[in-house]
Amino acid sequence: MASVTASHFVSRSSYVSSQGSETTANFGQIGLKSQSMTHNGLRSLNMVDKLQFRTQSFAKKSVKKAHATGSDTYGKIVCQQGGMDLVFVATEVAPWSKTGGLGDVLGGLPPAMAARGHRVMTISPRFDQYKDAWDTSVEVQIQVGNRVETVRYFHCYKRGVDRVFVDHPMFLEKVWGKTGSKIYGPTAGEDYQDNLLRFSLFCLAALEAPRVLSLNSSKHFSGPYGEDVVFVANDWHTGILPCYLKSMYQSKGVYMNAKVVLCIHNIAYQGRFAFSDFSLLNLPDEYKSSFDFKDGYNKPVKGRKINWLKAGVLEADRVMTVSPYYAQELVSGVEKGVELDNYLRISGITGIVNGMDVQEWNPATDKYLSIKYEITTVLSAKPLLKEALQAEVGLPVDRDIPVIGFIGRLEEQKGSDILAAAIPMLAKYNVQIVVLGTGKKYMEKQIAELEKKYPDKVRGVAKFNVPLAHMIIAGADFMLIPSRFEPCGLIQLHAMRYGTVCIVSSTGGLVDTVKEGYTGFHMGPFNVECDVVDQADVAAIVKTVSRAVAVYGTAAFKEMIKNCMSQDLSWKGPARLWEKMLLSLNVIGNEAGNEGEEIAPLAKENVATP
Ligand SMILES: Nc1ncnc2c1ncn2[C@@H]1O[C@H](COP(=O)(O)OP(=O)(O)O[C@H]2O[C@H](CO)[C@@H](O)[C@H](O)[C@H]2O)[C@@H](O)[C@H]1O
């Protein structure tokens, strides 16, 4: 395996968010006045909000007491247990917004924490007019860059979680519901020029929400979340949140007990910007060193930069990631730690493997499948679902041909280029291959060309298509996951729940979740260098697929299907571990929850998916 350097990750703009400093030109010189109004962290609220805030501050004290005593302000039982107040902050939250696994995690982990009795909020941008999220009428003014912006909060309560959406034209007008492709930039792999300001505004709005919103969605909790919360920040877009918490609130005596956990879902995206952009962040100079970053690349500008994820790693109270093996990889060296390995060794990092949404992905109730099944009926249902899949994508319908599926973003991380290089060799076997993914245009073209070349063997669908994703997960015999690196991976979890055996590269969460010969087949670690397709990896795909196909249809294969389906892959286990980690932060008043079931797990049926 060729040795690699971090340059192979960061030289590609799609992996490291990069903006120039042009954005500053768009903003006038305002701000000092409103900046001075930010003392004590309450930023320029209008009169109604000020009044509301005072009322809420009072209410919060009562609520905290209620947590402890089991009675609310009026003496009614509101909560049997203490629990915690958790605020998850992320740019994606499924099903409202999703480009990939980040959205899935924010969709699934918060309800699992709520099921344990904790009070849980998620905050994400309002990218569309979500029909189930109501206008709270609460507005807050926030200084971002050199100007003051007004954000408004929308809200709904689903599966026991307060889903809060930050409304501002920087989100809604840019994206207009095209969440799959436009959250971060006009096209895949391209960033909006003002992402630094967009996510700065978002983090500041998120920090206000627990104090200004009085949410009474649940009979167990009422009033604002208040100050004794744990913020769970996710990925680089929220790396700045602990800095704002300390500099704008804790320095003024607000949020003194609050903590920040930063969860890394993918270290390849770091939020690197020109060093001069630091002035747009409205942070005191003492934070400069946490952001300061030098690399050898010319994007977004030559030389010194700021790095949001680095700042998050250094300033958060705890750094997490989405699988134990990925945590080890991140500190193993510069290649896999993508130049943050040193800082992660200082901060320490803990991995908890992701769960999956077992309601959304349930073969017994899946609305996208013509036949529902479970472990006792899988062997008779799967051949029929395979035929339905073959018919849907226009491949020869034949239940005896093993079908291999691939779902994911078409980019280097996911190894879709390695797969494309392997397909001519795989086509020599009696197999069919169905690829579903969007991403880099040249990779979409690659797959389309292979389809033309092997019309009876290969289908490539360059769309973000949820129904088809479900049909592939159910109808394929194998899912191929040839990732160069994979922090956790959700595809293999979905596949195993549907009795679809996985063929995976041995990296990140794929190592933690797929057992060789028991629930899948391992191909070994792949070369993480993104600019080349290593022929050794192509050979590993071909060799392992041939090994898997040889087992197809045997008693051992049927056993593997059952092994896959008998696992508990839900968020329950991970939620227990998250709780343990959160309790170790020692936030005053935080207590363990109970093992419980999700509140109205199917309630998301009426959610507006964009
Ligand atoms: N064309 C398409 N049509 C329909 N659905 C599609 C699709 N392409 C992808 N999806 C869906 O998007 C999700 C992708 O999940 P991954 O875990 O592979 O995500 P991703 O790499 O984005 O996430 C990052 O964060 C997650 C969460 O922590 C980590 O698991 C992961 O390793 C890390 O890279 C799955 O639900 C999949 O079905």
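1. Helix H4 (101-115) gives the largest share of the shell around the ligand, namely 4 residues, and the elements that contribute two or more residues to this shell are H4 and helix H18 (491-497). Helices here are DSSP runs of H or I with at least four residues, strands are runs of E with at least two, and both are numbered from the N terminus.

2. On provenance, this is a predicted model, in which local features need pLDDT of at least 70 and side-chain atom pairs count only at pLDDT 80 or more, while totals for chains, interfaces and linings use all residues. Residues are numbered from 1 along each chain as its sequence is written, and side-chain values use heavy atoms, with hydrogens and water left out.

3. The ligand is surrounded by 28 residues, of which the closest are Asp104, Arg409, Lys414, Glu486 and Gly489; a residue is counted as near if one of its heavy atoms lies within 4 Å of the molecule. By class, the shell holds 11 nonpolar, 11 polar and 6 charged residues, where Ala, Val, Leu, Ile, Met, Phe, Trp, Tyr, Cys and Pro count as nonpolar, Asp, Glu, Lys and Arg as charged, and the others, Gly among them, as polar.

4. Among the polar contacts (pairs of N or O atoms within 3.5 Å), a side-chain N or O atom of Asp104 is 2.6 Å from an oxygen atom of the ligand. Polar backbone atoms also take part: that of Leu490 lies 2.9 Å from a ligand oxygen, and that of Asn465 lies 3.0 Å from a ligand nitrogen. The protein covers 96% of the 720 Å² of accessible area that the ligand has on its own, as computed by the Shrake-Rupley method with a 1.4 Å probe.

5. The ligand lies between domain 1 (85-269 + 311-351) and domain 2 (377-568), because both give residues to its shell; these bounds come from an automatic or database domain assignment. The domain centres, taken over C-alpha atoms, are separated by 32 Å, and 17 residues of domain 1 are in contact (heavy atoms within 4.5 Å) with 16 residues of domain 2.

6. Two backbone features may be checked. The peptide bond from Ala94 to Pro95 is cis, with omega near 5°, and Pro95 sits in the loop between strand S2 (85-89) and H4. Asp235, in the loop between strand S7 (230-234) and helix H8 (241-249), has a positive phi near 65° although it is not a glycine.

Technical notes: A polar contact is a pair of N or O atoms within 3.5 Å; within protein, one must be able to donate a hydrogen and the other to accept it, and residues adjacent in sequence count only if both atoms are side-chain atoms.
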